[in-house]
Each structure stands twice: as C-alpha cells, then as structure tokens.
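Trainee: I'm new to this one and would like a close look at a single part of it. Could you walk me through that part and then show me where it sits in the whole?

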Amino acid sequence: MSHQGENAVEKANRVISALIELKEKVSKRKSKVNAHLNTGLKSMEARLNINMIPWGLKVNIVPDSCVISIDRRLIPKRI
C-alpha cells in the first residue's frame with residue numbers, strides 16, 4: 001500500500017543536495033602536479049560526480065530503495 005510507505009527517491013533528495021554542495025567544494029581543489037597536456041588543464045583537479053541513480057519499478061509504485069553511484073577523483077600532492 002503506497003500510502004503507507006516512504007518514498008526512497010524523495011528521501012534521497014537530501015543526500016543528492018549534500019553531494020552537490022560537496023562537489024562545489026571538491027572542484028575548487030587543485031593539485032601541484034601538472035595535468036596531462038590533452039586535458040587543457042594546468043594542474044590536476046579533484047572531481048565528484050553523481051553518475052547513476054537507478055530507482056523505481058513502475059510509475060504507479062512508490063520506490064522503497066534508491067541507490068546513488070558517485071565517481072570521486074582524488075588529486076595527488078607533490079611530495
């Protein structure tokens with residue numbers, strides 16, 4: 001009975017919003033290590049991307065789960 005359940009997609013909204021805020025902070029981080037010439041970047045940059053959010057079975061079924069996949073790229077520091 002969907003009127004008794006909790007919508008996992010709606011609950012995931014808070015997590016997604018927090019990840020987007022974190023992405024803004026992460027993307028400002030730069031490495032002292034030079035990037036590859038083909039990238040067009042001066043130095044390596046950190047990344048955080050939300051790549052996949054598969055959820056739901058049908059339009060008329062409230063989803064009971066939501067999986068969020070992210071790709072987090074770390075940057076090296078020159079020692």
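Mentor: Let's start with S31, which you'll find in strand 1, residues 30-34. Strands here are DSSP runs of E with at least two residues, helices are runs of H or I with at least four residues, and both are numbered from the N terminus. Before we go on, a word on what you're looking at: this is a predicted model, where local features need pLDDT of at least 70, side-chain atom pairs count only at pLDDT 80 or more, and totals for chains, interfaces and linings use all residues. Residues are numbered from 1 along each chain as its sequence is written, and side-chain values use heavy atoms, with hydrogens and water left out.

Back to our serine. S31 counts as buried because its relative accessible area is 7%; buried means under 20%, exposed over 50%, and partly exposed in between, using a 1.4 Å probe and protein chains only. What does S31 touch, leaving aside its neighbours within four places in sequence? The partners are S43, M44, I75, P76 and K77, where contact means heavy atoms within 4.5 Å.

For contrast, have a look at W55, in the loop between strand 3 (47-52) and strand 4 (69-73). W55 is partly exposed, with a relative accessible area of 38%. Setting aside neighbours within four places in sequence, W55 is in contact with V9, I16, S65 and C66. W55 and I68 are 13 residues apart along the chain, and their C-alpha atoms are separated by 9.1 Å.

Now zoom out. The chain has 1 helix and 4 strands, and reading along the sequence gives the pattern α-β-β-β-β. Of the 79 residues, 16% count as buried, and S31 is one of the buried residues. Along its principal axes, the C-alpha trace spans about 55 × 20 × 20 Å. The radius of gyration is 18 Å, whereas a compact globule of 79 residues would have one near 12 Å; that radius is taken over C-alpha atoms, and the globule rule is 2.2 Å times the number of residues to the power 0.38. As for contacts between residues at least 6 apart in sequence, 54% join residues at least 24 apart.
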